[in-house]
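Here is a short briefing on the fold and its charged contacts. Please keep the sequence and the model in view while reading.

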Amino acid sequence: MPDPQDLGLHGEQLVQTWLERQGWQILSRRFQSRWGELDLVAKGYSAQGKLSSDLLAFVEVKTRSRGSWDADGLLAITRNKQKKIVTTARLFLTRHPQWADLPCRFDVALVGCYTRVPPTAKLHRPIPGQDRYLGLQDYIVNAFTL
C-alpha cells in the first residue's frame, strides 16, 4: 500500500491533469499557511461550464483507499476544515492581488485507490511502482460556500 502522503500527492496530480484537460489553468499547488493548505488553485470554467477567465476554484482533493470510513473523503470536509480552507484562500488572494477581485468557489475532488482500473472514474492512472490505480470518482462544484 502506498504511503498516505504519497497517495495524496498522486491524487492531486491526477485532479490537476483532469482540470487541465477541461481547460483550467493551475495557478498554485499545495499553497500553505499556518491555517492550512490549498491543494489546488485553478482559474477557468464558470459553474455553467462556459470557459471564462474570471473565476477561481480552490480545490480540496481527498484521496482514499477502498472502504474508507469517511465516504471517500467527503465527511473529512468538516465545517472546521472549510473555515481553514476559506481562511487560507483569503491569504492566497492577499498574496496574489491580481486575482483578488475574481469570483471564487470551493470545489472538492474525490479520488479512490483501486487494485484494478476503476470503470466509473472520470480519469484514472496507475500509481508509479504499485499494482494499484487512482481514479477520480467525483468532482463536486461549489461543494461549500463562505
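**Sheet and salt bridges**

Strand 1 and strand 2 form a hairpin, with four residues between them. Strands here are DSSP runs (E, at least two residues), as helices are (H or I, at least four), numbered from the N terminus. Two strands pair if DSSP finds at least two bridges between them.

This is a predicted model, in which local features need pLDDT of at least 70 and side-chain atom pairs count only at pLDDT 80 or more, while totals for chains, interfaces and linings use all residues. Residues are numbered from 1 along each chain as its sequence is written, and side-chain values use heavy atoms, with hydrogens and water left out.

- Six strands make an open sheet in the order 1-2-3-4-6-5, with mixed pairing.
- Its edge strands are strand 1 (25-32) and strand 5 (124-126), and each pairs on one side only.
- On average, neighbouring strands of this sheet are turned by 30° against each other, direction ignored. Axes are lines fitted to C-alpha atoms, for helices over the stretch in contact, and angles run from 0 to 180 degrees between N-to-C directions.
- Helix 2 (residues 79-95) packs on the sheet. The helix touches strand 1, strand 2 (37-43), strand 3 (56-65), strand 4 (104-114) and strand 6. Its direction makes about 140° with that of strand 3. Contact means heavy atoms within 4.5 Å.

**Strand pairs**

- Strand 1 and strand 2 run antiparallel, joined by six bridges. Ile26 has Ala42 in strand 2 as its bridge partner.
- Strand 2 also runs antiparallel to strand 3, with four bridges between them. Here Ala42 is partnered by Ala57 in strand 3.
- Strand 2 is largely enclosed by the rest of the structure, because six of its seven residues are buried. Buried means under 20% relative accessible area, exposed over 50%, and partly exposed in between (1.4 Å probe, protein chains only).
- Strand 5 pairs with strand 6 (residues 133-144) in the antiparallel sense over three bridges. Arg125 stands opposite Leu134 in strand 6.

**Asp107**

- Asp107 sits in strand 4. It is buried, with a relative accessible area of 0%.
- Its side chain makes a polar contact with the side chain of Arg105 (2.9 Å). A polar contact is a pair of N or O atoms within 3.5 Å; within protein, one must be able to donate a hydrogen and the other to accept it, and residues adjacent in sequence count only if both atoms are side-chain atoms.
- The backbone nitrogen of Asn142 lies 2.9 Å from a polar atom of the Asp107 side chain.
- Leaving aside neighbours within four places in sequence, the contacts of Asp107 include Phe58, Glu60, Tyr139 and Asn142.

**Salt bridges**

- The structure holds six salt bridges. Each is a side-chain nitrogen of Lys or Arg within 4 Å of a carboxyl oxygen of Asp or Glu.
- Arg30 forms one with Glu12, their closest N and O atoms being 3.1 Å apart. This pair links distant parts of the chain: Arg30 in strand 1 and Glu12 in helix 1 (residues 4-21), 18 residues apart.
- Arg30 is partly exposed at 27% relative accessible area, whereas Glu12 is buried at 4%.
- Glu12, Arg29, Arg30 and Glu37 are linked in a salt-bridge network.
- Glu60 and Lys81 meet through their side chains in a salt bridge (3.5 Å, N to O). Glu60 in strand 3 and Lys81 in helix 2 are 21 residues apart, linking distant parts of the chain.
- Glu60 counts as buried at 5% relative accessibility, and Lys81 as partly exposed at 24%.
- Asp107 also forms a salt bridge with Arg105. Both Asp107 and Arg105 are buried.
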